[in-house]
Amino acid sequence: MDFASLMSKEISKAKGTSASPDPSDGNSKPEKKYVRRGELEAARIAAYNEEQERLRREREARNAQKRKLEEEEAAQRREREEKKRRLAEESQKRREEKEAEQERERRKRLGLPELPEPAKQDEEAKDSENGGEDDIPNEELIAKLREIDEPARLFGETHHARLRRYRRLTSKSLGGKSKLSDGPIPTTLELVPEVEMKIPSSVPKDKEGRIFLMRQLASYFNMVLSEWEIALSKRDLAVKQSLQGRQAYNAMVQSRENLKPLYRKFEKGDVDKGVLEPVVEIVHKAQLRRYVDANDAYLRLSIGKAAWPIGVTMVGIHERSAREKLHQSDQQAHILSDEITRKYLQAIKRCLTFAQVRWPPDDQLQLMG
């Protein structure tokens, strides 16, 4: 046996005792020297799924706890509201009893006859028969009175008197001939057909003519808003969902809301003459498709002809020339008078802008920029 064979035998013996496990041991498994990438990825995915499942369980537990707290808070809120309502009813009852007692003492002191108690019950029974409704809580009744622009409380008015006043007002509004019309802006004015919407160039002097003019103006703006809404609804879905499409729809909705105070003025017939005449001029020229002239009338109404004080207007004791033109009352702008007026004048300008697209003029020089 040579030296090389001896060395290889010793080396193999050393490797067998140190690196490899005993083959006679059945439980021991040989350690893997290399691990596949797929096994590592599978182990990572399994750990990630376990972490996500744990987070989901924690999130569901938090949501359940939050819902429980919200339900408890809502129950407490309802209990507080019910307690507040009972206290309000009790305090109102005590106040009415105290007022009745004071009234009886006053009548007794002055020698007046006492108030008949059954009359109050007869009135309540009559109110229940006429109204056909049950009693309304005081807070709800006050809210309903404020919705119809009526005072919530009158001096010396009891709850039953307030209820009778509310039912009288609502029965009058329901039983009267005022009926809301169809359209973008519901109004009690009787709208005219399209063939009768021709606005005159000036405001009529008589009362009947002014009322008919209000109906014409309301009908014209309702027609423009209807055409505007139809034009927006015919657009593609991608255009509707884009930023410009949403802005155009919001402008239409905002104009419709801003014109409602003007309609209320039309219904009452108390539109200011300084506003009504320029609006009539704007609509008259828009119907003639002279949109540049209508825009000029709008600018005179909104900005006005008042001189703007730019620079020094007075030096020393001498006034500068044409200073008196800065404060002439007939040249003040109406758009700056209050916020409601500014809004519905801006809505009229937007309707004018749409009208020149819907009904383009024959003369291209009459197109606004």
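Modeller: Start with a term. A salt bridge here is a side-chain nitrogen of Lys or Arg within 4 Å of a carboxyl oxygen of Asp or Glu. In general, side chains of opposite charge can pair when their charged atoms come close. Keep in mind that this is a predicted model.

Take Glu281 and Arg300. They form a salt bridge, and their closest N and O atoms are 2.7 Å apart. That lies within the 4 Å cut-off, so the pair counts. The link joins distant parts of the chain: Glu281 sits in helix α10 (residues 273–287), while Arg300 sits in helix α11 (residues 291–302). The two residues are 19 residues apart. Glu281 has 23% relative accessibility, so Glu281 counts as partly exposed. Arg300 is partly exposed too, with a relative accessible area of 36%.

This pair is one of the salt bridges in the structure, which holds 24. Now turn to helix α2, which covers residues 37–110. Helix α2 has 74 residues. From its first C-alpha to its last, α2 reaches 107 Å, close to the 110 Å expected at 1.5 Å a residue. Its buried residues are Ala74, Gln92 and Arg107. After α2 comes Gly111, with a positive phi near 80°.

Look along α2 for charged pairs. Arg54 forms a salt bridge with Glu58, and 2.7 Å separates the closest N and O atoms. Both residues lie in α2, 4 residues apart, or about one turn of the helix. Arg54 is partly exposed, at 33% relative accessibility. Glu58 is also partly exposed, at 33%.

Residues Glu53, Arg56, Arg57 and Glu60 are linked as well, in a network of salt bridges.

Glu103 counts as partly exposed at 25% relative accessibility.

For contrast, turn to the rings. The structure holds 3 aromatic pairs. One of them joins Tyr220 and Phe221. Tyr220 has 7% relative accessibility, so Tyr220 counts as buried. Phe221 is buried as well, at 1%. Another pair is Tyr263 with Phe266: the centres are 6.0 Å apart and the planes are at 50°, so this pair is tilted. Both residues lie in helix α9 (residues 260–268), 3 residues apart, about one turn of the helix. Tyr263 and Phe266 are both buried.

Met7 belongs to helix α1 (residues 3–18). Met7 is partly exposed, with a relative accessible area of 37%.

Last, the record. In an unreviewed entry, UniProt places the feature "domain: Pre-mRNA processing factor 4 (PRP4)-like" at residues 142–169. Over that stretch the chain is 61% helix and 0% strand. The end C-alpha atoms of the stretch are 13 Å apart.

Terms used
Residues are numbered from 1 along each chain as its sequence is written. This is a predicted model: local features need pLDDT of at least 70, side-chain atom pairs count only at pLDDT 80 or more; totals for chains, interfaces and linings use all residues. Side-chain values use heavy atoms; hydrogens and water are left out. The expected span of a helix is 1.5 Å times one less than its number of residues. Buried means under 20% relative accessible area, exposed over 50%, partly exposed in between (1.4 Å probe, protein chains only). Rings of Phe, Tyr and Trp (its six-membered ring) pair if their centres lie within 6.5 Å; planes under 30 degrees apart count as stacked, over 60 as edge-to-face and the rest as tilted. UniProt positions are given in the numbering used here, feature names are shortened, and annotations may be inferred rather than shown by experiment.
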